[in-house]
Amino acid sequence: MTVDHDKLMEFLGKIVNDMGAIASAPMVVIGDKLGLYREMAKTGPLTPSELAVKTGTAERYVREWLNNQAAGGYATYDEKTGKYYLSEEQAFCLADENSPGSVLGAFQIAMSLFKDEPKIREAFRSGGGVQWGDHDPDLFEGTERFFRSGYLANLTSSWIPSLEGVEEKLKNGAKVADVGCGHGASTIIMAKAYPKSHFVGFDYHEPSIIEARNRAKKEGLSDRVKFEVAKATDFPGNNYDLVAIFDALHDMSDPVGTVSHISKILKPDGTLMLVEPFAKDEVKDNMTPVGRLFYGASTMVCVPCSLASNGPALGAQAGPKRLEQVVKAGGLKNFRISTSTPFNIVIEAKL
Ligand SMILES: C[S@@+](CC[C@H](N)C(=O)[O-])C[C@H]1O[C@@H](n2cnc3c(N)ncnc32)[C@H](O)[C@@H]1O
């Protein structure tokens, strides 16, 4: 076997880049939790000691952190003044968790993946699963924070308008279920946008439902947003105008049973909105940076979640064809991709 020197250098270059990203993941979490990014965005260019004083942190650590951030392009270093600052784009993604561009939750998810590695390694051996609720809590909080950015950017401006007649129903007052709602980010965004409608979020993970209730209360929405612990295959209620499942169907133990239940409790002209991770049908077409990210998360979270209850483990890269089979097997005969983003596909399914 002969090693091609140029190919080796190219591969090692890629590895060094990835190793830099891995070492920087906890740096991002620290910058977020200690308010370093927020202070930089608020104040503008700062020396390490100025940033340390303003955030109540130690200058030596802050200086090292700033150099890591600047070397990775997560902050900008001005060698003339010795100050560091965030560009508008860096601040858009790093300094405000309510920005539609916030990526902070993704790094929190990454922390959970590292902490859960022993459990997943064991599942590789046994073939068993790991329930959603048995992951590190950073997964639950990180998921809500990361996914919320995408929902803020797209849900009411593009995804709901892409469904036939749904926006009008929501504006006039509709009955909506959000299944596998986690901390309720999507439920709360919809409830704020459509005050005449009523929303119920369901999830089988009780701590997530408790957190979702707290969030609805804080937002003053408790009168028209409820959160209940329930499984996707038998959550209560009927005559729903819209049932939505955000990034959760592929995690479930019984996706066909879930759609089948929904087909029975939707109004005859009701809609199932499925938001799933963006994927193409063929593995070869998912060999992309986004595919890489999703296959990683899928191995660590989605596949074990479904396998934990003997599910089919659709995985986060199931692709539209497989999802269409599931939806049609569940009794919803009309299936259409209504829109997509680089991270998600949105599916409209009806009776
Ligand atoms: C990736 S998270 C998405 C959470 C939320 N929809 C969001 O977008 O932030 C998947 C969620 O599905 C829930 N889940 C998985 N299987 C479920 C089932 N069979 N019934 C109800 N909830 C389920 C998990 O507890 C978790 O909260």
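**Close-up A. Helix 2 (residues 36–43) and helix 3 (residues 48–55) cross at roughly 110°, with axes that come within 10 Å.** Angles of 65 to 115 degrees count as roughly perpendicular, so helix 2 is roughly perpendicular to helix 3. This view, like the others here, shows a predicted model. Look along the pair and you will find that the crossing of helix 2 and helix 3 is right-handed.

**Close-up B. Side by side: the residues where helix 2 meets helix 3.** Helix 2 brings Leu-36, Glu-39, Met-40 and Thr-43 to the contact. Helix 3 answers with Leu-51, Lys-54 and Thr-55. Sorted by class, the contact of helix 2 with helix 3 has three nonpolar, two polar and two charged residues.

**Close-up C. Helix 1 (residues 5–33) and helix 4 (residues 59–71) cross at roughly 120°.** Here the two axes come within 11 Å. The range for roughly perpendicular runs from 65 to 115 degrees, and roughly antiparallel needs an angle over 145, so helix 1 and helix 4 are oblique to each other. As for handedness, helix 1 passes helix 4 in a left-handed crossing.

**Close-up D. The contact residues of helix 1 and helix 4.** On the helix 1 side, pick out Ser-24, Met-27, Val-28 and Gly-31. Their partners in helix 4 are Trp-65, Asn-68 and Gln-69. By class, the contact of helix 1 with helix 4 has three nonpolar and four polar residues, and no charged ones.

Notes:
Residues are numbered from 1 along each chain as its sequence is written. This is a predicted model: local features need pLDDT of at least 70, side-chain atom pairs count only at pLDDT 80 or more; totals for chains, interfaces and linings use all residues. Side-chain values use heavy atoms; hydrogens and water are left out. Axes are lines fitted to C-alpha atoms, for helices over the stretch in contact, and angles run from 0 to 180 degrees between N-to-C directions. Helices (H or I, at least four residues) and strands (E, at least two) are DSSP runs, numbered from the N terminus. Angles under 35 degrees count as roughly parallel, over 145 as roughly antiparallel, 65 to 115 as roughly perpendicular and the rest as oblique. A crossing is left-handed if the near helix is turned anticlockwise from the far one by less than a right angle, and right-handed if clockwise. Contact means heavy atoms within 4.5 Å. Ala, Val, Leu, Ile, Met, Phe, Trp, Tyr, Cys and Pro count as nonpolar, Asp, Glu, Lys and Arg as charged, and the others, Gly among them, as polar.
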